[in-house]
Amino acid sequence: KLYPHINFNYHSHRNVPVKCLKKSLNFAINFNDIVRLGNETKSKINYLETYKNYFDYSKFPIKNSFLDIWLTSKSKFLISTGTGLDEVGAIFKIPTLYFGLTDLVQVPQYRYCLIQPSYLFWKKNNKMLTLSERFEVELGLNEKLKKKIGIRHCEESYLSSCMEFIDLIYKSTVRDDKIKLLQKKFWLIFKYFRKTSNIYINEKAFISTKFLLDYEKEILEFKI
């Protein structure tokens, strides 16, 4: 609404239907208050409306950039789809749970976070993209590719990752050796596709256990 002359459809791959986050948010709200941020949001999160510790700031009539930054800075954790305001959280070193990221080569490896990517499939045959294809795809930069690739959001995967995230930040849970190995190899593959070995990887930047196990065979067999 602020910029009606600009077509923001190139950001459409970042949209995650709120219905797919129902189980995750119903779980997360038991650990902290939830404030929904954003300048313009299309739908309400009706299933959170009954909670006293939920506030939809995005629908609040009084909003400004200072409040956006202040609210973010005071958060114990963030849940984001990578829409931009989460970068304020990086400044304040706030742990962030990312849902639905599509471009593996662009994941925020530099910050304290857990990432549950969405699942991508070829529309022509309904086959899931391979790990290598996932690293080669950048939907944020290729509108033509968006017409060929579908995005699948899994509510159970998001819930599993949310539970893992809460365990990591509240219980300091240590991952088992198998997942540590998959994570280490994932970041090596990440560096390979970024074409640099000097990129910084935060020791608390994690890909979800669910995603690592889904691509376990390809991760272990990938030749660098």
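Select Glu156 to begin: in this predicted model, Glu156 is partly exposed, with a relative accessible area of 43%. Colour the two helices involved: Lys23 lies in α1 (residues 22-28) and Glu156 in α6, so the pair ties together parts that are 133 residues apart in sequence. Side chains of opposite charge can pair when their charged atoms come close.

**Along helix α6**

Keep α6 coloured and select all of residues 155-170. Helix α6 has 16 residues. From its first C-alpha to its last, α6 reaches 22 Å, close to the 22 Å expected at 1.5 Å a residue. Which residues of α6 are buried? They are Ser157, Tyr158, Leu159, Ser161, Cys162, Glu164, Phe165, Ile166 and Leu168. While turning, keep one rule in mind: an α-helix has 3.6 residues a turn, so residues three or four places apart point the same way.

**Past the end of α6**

Ser172 lies in the loop between α6 and α7 (177-194). Its phi is positive, about 50°, although Ser172 is not a glycine. Is Ser172 buried or exposed? Ser172 counts as exposed, because its relative accessibility is 55% and the cut-off for exposed is over 50%.

Follow the chain through α7 and select Lys195. Lys195 lies in the loop between α7 and β8 (205-207). Here, too, is a residue that is not a glycine but has a positive phi, about 60°. Lys195 counts as exposed at 75% relative accessibility.

Select Lys210 and Asp214. These two residues form a salt bridge, with the closest N and O atoms 2.8 Å apart. Why are Asp214 and Lys210 separated by about one helical turn? Because they are four residues apart in helix α8 (residues 209-214). Asp214 is partly exposed, with a relative accessible area of 40%. Lys210 counts as partly exposed at 31% relative accessibility.

Move along to Lys217 and Glu221. Their side chains meet in a salt bridge, 3.1 Å from N to O. Lys217 and Glu221 are four residues apart in helix α9 (residues 216-221), so about one helical turn separates them. Lys217 counts as exposed at 58% relative accessibility, whereas Glu221 counts as partly exposed at 47%.

Ile62 lies in the loop between β2 (54-56) and α2 (65-73). Ile62 counts as exposed, because its relative accessibility is 54%.

Terms used. Residues numbered from 1 in each chain as written. Predicted model: local features only at pLDDT ≥ 70, side-chain atom pairs only at ≥ 80, totals over all residues. Heavy atoms only, no water. Buried < 20%, exposed > 50% of the residue type's maximum accessible area, 1.4 Å probe, protein only. Expected span 1.5 Å × (residues − 1). Salt bridge = Lys/Arg side-chain N within 4 Å of Asp/Glu carboxyl O.
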